[in-house]
Amino acid sequence: MKVIAIEHPHQFNSDDFPELVMALGFFDGIHKGHQIVIQTAKKKAKEMNLKSAVMTFDPHPSAVLGRKTENIRYITPLEDKVDIIESMEIDYLFIVHFSEEFASVLPERFVDEYIAGLNVRHVVAGFDYSYGRYGQGSMEDLPVYAQGRFSQTVVAKQTLEDEKVSSTRIRETLGNGDFSDFHHLAGRRYLTKGHVIHGEKRGRKLGFPTANIEVSNDYIFPAAGVYAVRIKISGEWYNGVCNVGYKPTFHEEKPKYPTVEVHVLEFSGDIYGNQVSVEWHTRLRSEQKFSGLEALVAQIEKDKQDTIAYFSKLEAKKG
């Protein structure tokens, strides 16, 4: 897959690219609804004997146009989005830098420069996709702006349990720590990446050493609690128990940010500084304050056994 970074105003012209079928969208989460849009573009490209393409934008428009000063968190940060789209065997990925100047582009100019101007012959987007200044352009308007230069496919609203599959719905799911529902909506497990850093080293003293993971602030943090996860270390996957939280048993004052610590099952070794991936499976319980270390150790052992049972059941289903 060829990745093309675009700054506005861009200097590309249609001769720089083969004829394309392009899927349009921000695609945060690349959930089942997004996947249908992208797969439709891929299928249409094959039918028309053209190359497939996806256009996305970075950063999120709200980071540029909104009044929030805090960091925008993503379901799939850009690096992960690129990996997922590449796994879908798309030929071209256009990443448009979303700036205030780009946001002010009128719909007609967007179509001229970012669709027709990139040699697009067919466009695929969701029914509610909008473009141009203030989102003034709609899919209903697109044929007018196209002026016969390209055709279009509009993907209807995608629902599960009579509710729209949307990034907003997935954000709420992640906020609740419901990774089973995420898997249901996205068709894959939620994945985060981060580096292993030095922590307070209490886990080792308790008999449950943990990898303290500095997760990028680009990711949405799940609700505080204990989870069954898989962790990828040096290319190998291991099962683990992950605690996300503020460790109320040890801290009188709540820290500003939660910690993410994974007790890796059947693993020993020094992995400080390594980048790891965490694949989130299911929430075991909420975070709680214990009366003492004995009660805490007993609960951690139970969490470990619950995690072993969860993955054993998962493997049995696959078998």
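Thr307 is buried, with a relative accessible area of 0%. The model is predicted: local features need pLDDT of at least 70, side-chain atom pairs count only at pLDDT 80 or more, and totals for chains, interfaces and linings use all residues. Residues are numbered from 1 along each chain as its sequence is written, and side-chain values use heavy atoms, with hydrogens and water left out.

Me: Why is Thr307 called buried?
Reply: Buried means under 20% relative accessible area, with exposed over 50% and partly exposed in between (1.4 Å probe, protein chains only). Thr307 has 0%, so it counts as buried.

Me: What is Thr307 in contact with, leaving aside its neighbours within four places in sequence?
Reply: Ala228, Gly240, Val241, Leu265 and Leu284. Contact means heavy atoms within 4.5 Å. Thr307 itself sits in helix H10 (residues 293-318). Helices (H or I, at least four residues) and strands (E, at least two) are DSSP runs, numbered from the N terminus.

Me: What makes H7 roughly antiparallel to H8?
Reply: Helix H7 (residues 167-175) and helix H8 (residues 179-186) pack at about 155°, axes 8 Å apart. That angle makes the two roughly antiparallel. The cut-offs: under 35 degrees is roughly parallel, over 145 roughly antiparallel, 65 to 115 roughly perpendicular, the rest oblique. Axes are lines fitted to C-alpha atoms, for helices over the stretch in contact, and angles run from 0 to 180 degrees between N-to-C directions.

Me: Which residues make that contact?
Reply: H7 gives Arg169, Ile170, Thr173 and Leu174; H8 gives Phe179, Asp181, Phe182 and Leu185. By class, that is five nonpolar, one polar and two charged residues. Ala, Val, Leu, Ile, Met, Phe, Trp, Tyr, Cys and Pro count as nonpolar, Asp, Glu, Lys and Arg as charged, and the others, Gly among them, as polar.

Me: How do you know that E11 and E16 pair?
Reply: Two strands pair if DSSP finds at least two bridges between them. Strand E11 (residues 190-197) is joined to E16 by six bridges, running antiparallel. Tyr190 stands opposite Trp280 in E16, and Leu191 has Glu279 as its bridge partner there.

Me: Which strand pairs with E16 over seven bridges?
Reply: Strand E13 (residues 225-233), again in the antiparallel sense. Here Lys232 stands opposite Ser277 in E16.

Me: In what order do the strands close into a barrel?
Reply: Six strands close in the order E11-E12-E15-E14-E13-E16, with antiparallel pairing. The twist averages 45° from one strand to the next.

Me: What makes E16 mostly covered?
Reply: Eight of the 11 residues in E16 (residues 275-285) are buried.
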